[in-house]
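This report walks through one protein model, from the whole chain down to single residues. Please keep the sequence and the structure in view while reading.

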Amino acid sequence: MKKNKVKKEKLVSARKLPGIFKKTYSPKKIENKIYKKIFIPADLELIKSIFEPHPKKQGKLFVPRDKQISKRQLKKFKAIAKEIKRQKASFKLIPFAATIGIIAAAVLLFISFKNVIAKKAITGAMQSAFGAKTELSSVNVEFLGASITIKNLQQANKNSPMKNLFQADKIEIKFNLTQALRGKFDAENIELSGFAVNTERKTTGELPKKEKKQKKQKQKSENSFDFAEKKNEALNAAKNSIQEVFAEYNPQNIINELEGNLKSPETAKQVQAEAEALVSKWKNKPEELESQVKDLDQSVRSVLDTNWGNIDDVAKLKLAIENVTSAMEKSKSLTKNIQSIANDVKSDSKKINALSSQVKDAIASDNALVNKQLSKITSFKISDGKKILGNTLDSVFYSMAGDYYPYIKQAADYALQAKASSSKSEKPKKEKKEKKQTIARAKGTDVYWKQDRIPKFLIEKISFSGLNLDAKGTDITNDMDKRGSPALLNGSYSTKKQTHKANVIVDTRTETKNPLVSADYSGDNFPIKFSTPYLGLNSSTDVTAKGTMGDDGSITLKAKFNLENISFSSESFEPKFAYNLYKTALSNIKDLDMEATAIFNGEKKFSISVDSDLDKKFIKALKKTADAEISNLVSEAKKEIAAMLNEKTGGVTEKISEFVNIENGINRQSVNMDKLNSLLEKKKAELQKQIEDKTKAAAEKALKDAGISIPENEKLNNAIEKGASSLKGFLNKN
């Protein structure tokens, strides 16, 4: 068998070696320049193998130029040379000294002005944020002491420049310097003291006005939950529930039930049509007749009002009699016409009376039917388990949810973001493509003698006191997995009348079984006030509440209320007697226990339920009140039903009354004509008598002037009387 021939490696001259290997070195120099910078033993042996003692320079080492090496080894030598060059460092005293000097000057400058710089930075940032002056007496930054202290901070109010939005005597932050040098913020303690709000200023806090660039307003994301719709549904349910309670006692409902058996509305409708026709027929007659009577009265008024006793002119008296006689003829004609019209009206008046009786009988029949129905009401009936006012409480909590949910949602989003930012929750990074391996020094590794539990952001302790508020927090961080414990927040707020306490736990650790957020609250004398059309409430209450939030963003809130010294109110509604009963029943409720549960599950589903003893207490109070007032309730119902029936029949009553007024107007003109006729006859008789007396007196005077004695000549006297009588007859004819 033939043996496989081994390929001979191609050899090249040492002249092609990298320049670093072509130099001549002393043992010490080659150690520092080359050997110390090669960390792989095999590579070090390879390099040492090519160096030989210099034949001419004693104690020196070099690589002979005529030395032959393989191409494979040449590549290796080049790679080693590159690695050595990467580690090449040169030290020059003058540039190094200059650099150190600049750094030292910068450090000294920064140390000298660090407090000024910090003060300016804080002032500028706060003025930009609050839009008003920020004043502080001092800022002290201690790097070695690892603390920042701010004293006498005053932040002016943008909307009220002569007042401070808030002020603090001292703010101190103590941080871990070691962690700060590692690029982490580890606040071991934050303290805030002497905090106050709305304090007076001696100088204005207004900033000089600057031209503001118009920024595009971000559209607020619409709330995915329709709380308003749920609130309106609950209010409508409350309205319907209250109406149902009094439906059996509502006069209108009783009328609706008896509507098919009621006679008066239909009777009134028919009678009204007939009455309107009769009224239309005669409505203008009283005015026409009154005008005719007035015209006639004015035409003879001068004769009637003249004192004819002082007038001796018989011709004038005769003319007056002629005018009176003419007026009497007109008066007789008008009187005859009025009497004819009055007789016709009397005929229609009988029809009106019959129609009126028909309506009265129908109303009496309907009242009897309604009274029979109302007599069946002997007690107030309502089921004990009925939900009445509870719907109103639902609407109140839907309204509250609509007001506060955006803030709850925002806090929930922050918690979810904190959960996502936890170190163990980070998404795996994409694997990078493998690069060709190169010979290089391995990267350095930070070695800790204990586990690193300091995240990039950490507030170990924070406390606040002032304004009756005492609050503390621990382990507030962006990476609770690394810290190994949840964030704890607790606080209390106390006044003369109230005490509020709250505890919050936020746990974003990956492996925890705890909720993402859990919180509890307790408070006493907490004011609760709301107003709806059917129920308003003003009270103080003790509250205990708990809430949790899961990793999926679902939120559950539960609260218990113990209300005392309650003051209820309600808008008025019909029927009035029902409102009075309702209001009286509410006034008898003095305390109330209530529990509310709200669940927000995802972006579309939510539910709010309210359990209370309000309906139970209200039904009990309402029954007691209504049973005691049942007779008054029925009596009020009768009055309201009577008023409603009168309203339905009121139109025909008005028309009948209008016809009666027309008839009276016509009869009144007939009476006026009788009076005028009497005056005319009386005036005519008076004028006739006056002419007769004047004629007789003239005759007597003529005889007397003739020397004839009237008593001595009775025949002549009789002749005079006979002549006067003939004259009277003539006057009567004319």
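The secondary structure of the protein chain consists of 16 helices and 19 strands. The model is a predicted one. Of the 734 residues in the chain, 34% are buried. The chain exposes about 47700 Å², and carbon and sulfur atoms supply 52% of that area.

| Helix pair | Residues | Angle between axes | Distance between axes |
|---|---|---|---|
| α2 and α3 | 41–50 and 71–86 | about 110° | 11 Å |
| α13 and α14 | 576–587 and 614–628 | about 125° | 8 Å |

How are α2 and α3 oriented to each other? Angles from 65 to 115 degrees count as roughly perpendicular, and α2 and α3 pack at about 110°. The two helices are therefore roughly perpendicular to each other. On the α2 side, the contact is made by Asp 43, Leu 46, Ile 47 and Ile 50. On the α3 side, Gln 73, Lys 76, Phe 77 and Ile 80 take part. Sorted by type, the residues of this contact are 5 nonpolar, 1 polar and 2 charged.

Asp 43 can be looked at on its own. This residue lies in helix α2. Is Asp 43 buried or exposed? Its relative accessible area is 5%, so Asp 43 is buried, given that buried means under 20%. Asp 43 and Phe 77 are 34 residues apart in sequence, and their C-alpha atoms are 8.7 Å apart in space.

Most residues other than glycine have a negative phi. Asn 152 belongs to strand β7, which covers residues 147–156. With a relative accessible area of 42%, Asn 152 is partly exposed.

Asn 565 also is not a glycine and has a positive phi, here about 50°. This residue is part of strand β17, residues 555–569. Asn 565 has a relative accessible area of 64% and is exposed, since exposed means over 50%.

**Residues that meet across the sequence**

Leu 289 lies in helix α9, which runs over residues 285–305. Its relative accessibility is 2%, so Leu 289 counts as buried. Which residues does Leu 289 touch, leaving aside those up to four places away in sequence? They are Asn 337, Ile 338, Ile 341, Ile 666 and Gln 669. Leu 289 and Leu 334 are 45 residues apart in sequence, with 8.7 Å between their C-alpha atoms.

Glu 276 lies in helix α8, residues 264–282. At 37% relative accessibility, Glu 276 counts as partly exposed. How many residues separate Glu 276 and Glu 654 in sequence? The separation is 378 residues, while from C-alpha to C-alpha the two are 9.8 Å apart in space.

Technical notes: Residues are numbered from 1 along each chain as its sequence is written. This is a predicted model: local features need pLDDT of at least 70, side-chain atom pairs count only at pLDDT 80 or more; totals for chains, interfaces and linings use all residues. Side-chain values use heavy atoms; hydrogens and water are left out. Axes are lines fitted to C-alpha atoms, for helices over the stretch in contact, and angles run from 0 to 180 degrees between N-to-C directions. Helices (H or I, at least four residues) and strands (E, at least two) are DSSP runs, numbered from the N terminus. Buried means under 20% relative accessible area, exposed over 50%, partly exposed in between (1.4 Å probe, protein chains only). Accessible areas come from the Shrake-Rupley method with a 1.4 Å probe; for residues, only the protein chains shown count as cover. Angles under 35 degrees count as roughly parallel, over 145 as roughly antiparallel, 65 to 115 as roughly perpendicular and the rest as oblique. Contact means heavy atoms within 4.5 Å. Ala, Val, Leu, Ile, Met, Phe, Trp, Tyr, Cys and Pro count as nonpolar, Asp, Glu, Lys and Arg as charged, and the others, Gly among them, as polar.
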